[in-house]
Amino acid sequence: MEGSEWEDVIFNAKSLGTSSWRMSALCLRAAISVFDDMGSISSMSPELLDFVMCGLVTAFDSCDDALNSQIDIVGQLEALAGLALKMFGRCAEVALDGFSNSLDVDWPNFFLPMMSRIIVRWFTLLKVDDRATFFVRTLVHALLQVRELPDDLSLSKKLCPELDKLGYEAVHQTLIIHSEDLIMSENPFIRFAALHLLKLMSSLMYRHQNGQWMDEEKVSSSGPRRVVVADTLARIISDTTGWPAIVAFDAALVPLKYLYMGDGRRGNPSLEDGLPNFPNYFIK
C-alpha cells in the first residue's frame with residue numbers, strides 16, 4: 001500500500017471490509033495499552049501524541065458517519081467504534097490526575113467536548129432490546145465519563161407534545177424521550193446509560209420547569225419556596241414500579257442533594273460536579 005493510501009485508511013472506518021481495518025484496530029489497541037501506563041504517556045513525543053489523538057478523532061468521526069448509514073459490516077464497525085470508545089474512557093480517567101503533556105490543555109478544550117457530542121449521539125442509537133455487545137459496553141463506560149451535557153448537539157429529533165408545551169428544546173426532548181424508553185430495558189448496561197443521561201439532564205429539567213413556574217405565576221425568587229419535580233421523572237416515579245421508579249427517583253434527587261449538606265445548612269452546588277448554583281426558590 002502506498003503511503004498516501006495508508007494515511008487515508010489508518011484509524012478510519014473506510015477501511016472496513018478490507019485487510020487494512022485490522023491494522024486500524026491494532027493501532028487503537030496499542031494506543032490504549034500505552035495510555036495504561038502513566039510513564040509512557042508523559043514520555044510520548046509530541047509527534048506520536050498527535051498521531052494517536054488525531055487518529056482517535058478520525059476513528060470517532062468516520063465511525064459516526066458509518067453508524068448513521070446502512071452498511072453490511074456491522075461487526076467490524078462496532079469493533080472499531082468500541083475501541084475508540086475504550087480509548088476515550090481511558091483518556092478521561094487519566095485526565096483526572098493529569099497527562100503531564102499538551103493534553104492537559106487540549107483534552108478539556110477540544111478532544112473531550114468533540115468526542116462527547118458523538119458519544120451522546122451514539123447513545124440515541126441504542127435500543128431497549130440491545131444485547132451487551134462490546135460496542136454497547138464500551139459506549140456505556142464512555143458515556144459515564146461524560147460529566148455534563150455537551151453543547152451544540154446534533155441529533156435526529158424526537159418530539160413530545162407534553163415536553164414541547166413546556167418549552168423544552170428539541171434536542172433536550174430527544175434525550176429525555178430516549179432515556180425514558182431505555183430505562184425500561186432488561187439490559188443493565190442500557191439502563192445505566194439511560195440513568196446517567198437523566199442525571200445529566202435533571203438539573204436542566206429542574207431549572208427549566210421551576211423557572212417556568214415562577215414566570216407563569218409571577219412569583220419572585222424571594223417568595224414562596226417550593227420545588228416542581230420534572231414531569232418526566234415524576235411520571236416514571238408514580239406510574240412504574242421496580243427499577244424504573246427507583247432510578248427516576250435517584251435522578252430526581254441529583255439537583256437537591258447539593259442544596260443541603262452535613263448539618264442541614266445550604267451547600268454550594270457550584271463546587272460540586274460542575275452543577276450550577278440553584279436560586280433560592282429551590283429551597284423550602
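This is a predicted model: local features need pLDDT of at least 70, side-chain atom pairs count only at pLDDT 80 or more; totals for chains, interfaces and linings use all residues.

Colleague: Which helices and strands make up the chain?

Modeller: There are twelve helices and two strands. In sequence order the pattern is α-α-α-α-α-α-α-α-α-α-α-α-β-β. Of the contacts between residues at least 6 apart in sequence, 62% join residues at least 24 apart.

Colleague: How do I read the core?

Modeller: In soluble globular proteins, nonpolar side chains tend to be buried together. In this chain of 284 residues, 48% count as buried. The largest nonpolar core has 84 residues, and Phe35, Met53, Phe60 and Trp122 have the most contacts inside it. Domain 1 (1-154) and domain 2 (164-283) each supply at least three residues to this core.

Colleague: Which residues does phenylalanine 60 contact, leaving aside neighbours within four places in sequence?

Modeller: The partners of phenylalanine 60 are Ala84, Leu85, Phe88, Met114, Met115, Ile118, Ile119 and Trp122. Its relative accessibility is 0%, so phenylalanine 60 counts as buried.

Colleague: What describes a pair of aromatic rings?

Modeller: Two quantities do: the distance of the centres and the angle of the planes. The structure holds eight aromatic pairs. In one of them, the ring centres of phenylalanine 60 and phenylalanine 88 are 6.3 Å apart and the planes are at 75°. That pair is edge-to-face because the angle is over 60 degrees. Phenylalanine 60 is in helix α4 (residues 46-67) and phenylalanine 88 in helix α5 (residues 74-95), 28 residues apart, so the pair links distant parts of the chain. Phenylalanine 88 is also buried, at 0% relative accessibility.

Colleague: At what angle are the ring planes of tryptophan 122 and phenylalanine 135?

Modeller: The planes of tryptophan 122 and phenylalanine 135 are at 55°, with the centres 5.9 Å apart, so this pair is tilted. Tryptophan 122 belongs to helix α6 (residues 103-123) and phenylalanine 135 to helix α7 (residues 134-144), and 13 residues separate the two. Both tryptophan 122 and phenylalanine 135 are buried. One aromatic cluster takes in Phe60, Phe88, Phe99, Trp107, Trp122 and Phe135.

Colleague: Which residue lies over the face of tryptophan 243?

Modeller: Arginine 191 does, at 4.7 Å from the ring centre.

Colleague: Is aspartate 64 buried or exposed?

Modeller: Aspartate 64 is buried, because its relative accessible area is 7%, under the 20% cut-off. Aspartate 64 sits in helix α4. Not counting residues up to four places away in sequence, aspartate 64 touches Ile118, Arg121 and Trp122.

Colleague: Where is valine 9 found?

Modeller: Valine 9 is in helix α1 (residues 3-9). With a relative accessibility of 14%, valine 9 counts as buried. Methionine 23 is 14 residues from valine 9 along the chain, and the C-alpha atoms of the two are separated by 9.2 Å.

Methods. Residues are numbered from 1 along each chain as its sequence is written. Side-chain values use heavy atoms; hydrogens and water are left out. A nonpolar core is a set of buried Ala, Val, Leu, Ile, Met, Phe, Trp, Tyr and Cys residues joined through side-chain atoms within 4.5 Å. Buried means under 20% relative accessible area, exposed over 50%, partly exposed in between (1.4 Å probe, protein chains only). Domain bounds come from an automatic or database domain assignment. Contact means heavy atoms within 4.5 Å. Rings of Phe, Tyr and Trp (its six-membered ring) pair if their centres lie within 6.5 Å; planes under 30 degrees apart count as stacked, over 60 as edge-to-face and the rest as tilted. Helices (H or I, at least four residues) and strands (E, at least two) are DSSP runs, numbered from the N terminus. A charge sits over a ring if NZ of Lys or CZ of Arg is within 6 Å of the ring centre and within 35 degrees of the ring normal.
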